[in-house]
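Hi there,

Here is the structure I promised to pass on. Have a look at it first, and then read my notes below.

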Amino acid sequence: MGSRMTTVEGLDCHFRINSLEFDPVAGRLFDRAVGQESFLRPQSAHVLQILCENHGQIVTRDALIESVWPELNVTDDSLTQCISDIRRALGDRNRSLLKTVPKRGFVLRERDDSYQDIRPEPPPDTAPSSVADPAPVGSLSENVVVCAIPTPASGSFTRDKLLRALGKRQAADAKMAGSQGYTVTVSGVRQALRSVLHLCRVHSLQAGIDLARFGTPVAAGLACMAAPGQVIVPVEVRDAALLDPELDFEDLGDLAITGQSQARRVFRLHHRDSFSLIRGLVHDDDVLPALAVLPIGPLDRKDKDDVLGDVVAAELTSAFARAADVTVISRLSCAAFRVGKAQIDDVARLLHADFVVSGVYLPSEGGMDLMLELADTHSHRILWTERFNIRQPDLFNGFDLAAEIVGQIRKAITLSQIKCVQTRPLETLRNFTMLYGAVGLMHRLSPSDFTRAKALLEDLAQRAPVHPAPRAWLARWYVMRVMQGWSEDAMADASTALEHASQALDFDPENTHALTATGFVLTNLLRRFDQAEDSYDAALEIDPNDATGRALRGMLFAFQDRGEEGVRDTERALNIAPLDPHRFFYLALSAGANLTAGNYDRALDLTRASLRQNRTHTSTLRMLVALNKLTGKDADAHAAVTELMRLQPDLRVSQWLASSPSAEFSVGRRVADALRDAGVPE
């Protein structure tokens with residue numbers, strides 16, 4: 001191959017790169033070693049075609065941009081995106097095949113003798129090898145009739161080129177409106193639209209596409225209406241591919257078509273990159289990450305029944321939507337990625353998602369095996385992957401496992417963002433990274449991490465002065481400092497917590513974190529039980545699965561001798577937050593509620609489980625002392641008192657009663673007597 005830039009006539013070549021066969025007309029890479037194929041976006045395919053034709057030679061950025069976007073003013077970012085697409089499709093992770101030459105351009109390196117031009121000639125009456133459309137779903141798998149008309153600018157375009165581009169052999173020549181054109185019937189709306197649009201642009205053809213069930217005349221008439229380089233389709237084709245993330249449709253209105261008695265609504269086909277994607281404004285103070293749950297399909301793509309996957313995706317989307325710390329992309333928007341393999345860059349570009357949940361399932365007897373993964377669209381790193389077995393009755397009856405899956409995913413996001421805030425300069429951090437990193441550090445047992453979390457939240461509050469999240473979490477921070485026993489002035493911290501919560505509620509009256517922080521202060525420090533219950537009720541009405549709000553309301557009930565109500569809420573919180581990094585807190589609150597209800601054995605088990613996760617939490621140690629005494633385990637009670645007094649040497653029963661919200665109720669007096677009898681000084 002020569003070193004000069006080649007013209008579009010070279011597009012009838014195929015190229016072989018190691019085990020990959022590249023068809024630049026269809027934008028298709030077929031890996032013969034594993035029998036799989038992938039499709040490149042038209043611009044990426046055009047870039048790769050130029051690099052192939054100049055393999056071993058440096059092709060400058062300017063030359064690529066001029067060739068691929070001759071009439072558009074694009075930035076280097078467009079080319080960089082194409083290079084990333086190509087490397088990912090080639091599996092060139094170490095950039096040894098497609099190299100960047102600093103300040104010069106790119107070179108596709110020749111590797112041994114594995115690289116060559118090939119022009120496959122299929123045997124007579126047989127179709128060239130191709131792979132069927134991936135995951136045909138609904139109308140996307142319908143047959144369509146493509147009618148392509150060469151124009152004077154298209155040169156010697158042949159019927160074989162059209163067949164190779166579409167990967168099919170079922171064709172018949174036709175004359176249309178005085179011009180020689182070609183028609184071909186293919187299956188799969190999406191593949192046909194993408195391939196024909198690319199073909200028309202590169203070869204200056206004009207084309208029309210209609211559903212095969214309507215016959216060929218409409219496609220021919222639509223092709224005659226198109227200008228060179230354009231594709232015209234009726235509304236039925238548009239509806240069949242409306243959710244394709246790469247395609248856009250320009251409404252031309254109701255137009256008369258040659259040979260048809262009635263006008264039809266028609267559209268001009270565009271690649272989505274050809275238009276500016278108009279989005280809602282993303283403000284600098286937006287601190288919540290965007291998460292997309294992509295359609296979940298069967299592992300065996302021959303299985304067209306996606307009902308089970310749709311149920312899972314819908315339940316996960318709903319579960320995430322109830323969370324207060326993520327922005328969830330709508331399920332209908334995510335449905336655009338139902339067909340084929342979604343590229344993570346496309347998800348980021350088209351949905352503006354920061355994180356993406358994707359997966360497949362394998363039907364099993366009585367249910368399904370579900371395989372999920374979470375990826376960061378910025379770093380392309382897989383943050384979490386897990387496999388679940390789900391029984392079909394559970395799937396269609398509430399899908400309780402969704403809460404556990406969401407909990408695991410949120411934990412994975414938090415851990416990834418903690419690493420970011422610990423390793424990157426503050427000014428480089430994204431707002432949601434600061435938020436998730438701070439929240440993660442808050443829930444560790446290290447005072448230094450806890451202090452670092454406050455600094456992050458205060459900085460974020462300055463970055464986003466009118467966003468409720470930083471203020472709400474600052475309120476929670478002061479609450480947690482009191483809960484951990486690290487506060488030097490509980491009433492001052494209570495006042496600060498209420499101030500931050502009030503500011504958060506001014507920005508968002510339905511912020512659950514602010515409402516639960518308010519409820520905690522009203523309960524534990526101000527003893528305004530009725531107002532606290534109202535605050536917790538408001539939070540749980542907004543988000544019934546807020547584990548913290550439910551556990552704290554349960555403890556409010558327990559303080560007031562309402563043991564059964566307390567057990568109901570706190571045990572539910574345990575189920576909602578099975579993997580929460582602060583689980584010891586939920587175990588301790590459930591233990592307290594069970595103590596109030598007289599379930600001493602259950603309370604003792606929960607207390608021990610809590611201390612296994614945090615053995616320095618003095619509130620839980622006090623409960624262990626009381627429960628051992630109440631159940632007649634005097635020796636264990638004495639040992640627990642020794643440890644308690646070591647951690648809290650100034651503890652006195654009278655002091656505890658003065659600070660406990662339960663002091664005026666029988667449960668408070670019961671615990672005080674047990675502490676006193678076990679050896680805690682009066």
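Helices here are DSSP runs of H or I with at least four residues, numbered from the N terminus, and the expected span of a helix is 1.5 Å times one less than its number of residues. The model is predicted, so local features need pLDDT of at least 70 and side-chain atom pairs pLDDT 80 or more, while totals for chains, interfaces and linings use all residues. Residues are numbered from 1 along each chain as its sequence is written, and side-chain values use heavy atoms, leaving out hydrogens and water.

Let's start with helix α19, residues 547-559: its 13 residues reach 18 Å from first C-alpha to last, close to the 18 Å expected. Of those 13 residues, 13 are buried (under 20% relative accessible area, with a 1.4 Å probe and protein chains only). After α19 comes Asp561, with a positive phi near 65°.

Next, the cores. A nonpolar core is a set of buried Ala, Val, Leu, Ile, Met, Phe, Trp, Tyr and Cys residues joined through side-chain atoms within 4.5 Å. The largest one has 90 residues, and Leu435 and Tyr586 have the most contacts inside it. Helix α15 (residues 468-484) gives the most to this core, 10 residues. Another core, of 31 residues, lies apart from it and includes Ala165 and Cys200.

What is Leu435 in contact with, leaving aside its neighbours within four places in sequence? Its partners are Val287, Leu288, Leu457, Leu460, Ala469 and Trp473, where contact means heavy atoms within 4.5 Å.

Enjoy exploring!

Key. Helices (H or I, at least four residues) and strands (E, at least two) are DSSP runs, numbered from the N terminus. Buried means under 20% relative accessible area, exposed over 50%, partly exposed in between (1.4 Å probe, protein chains only).
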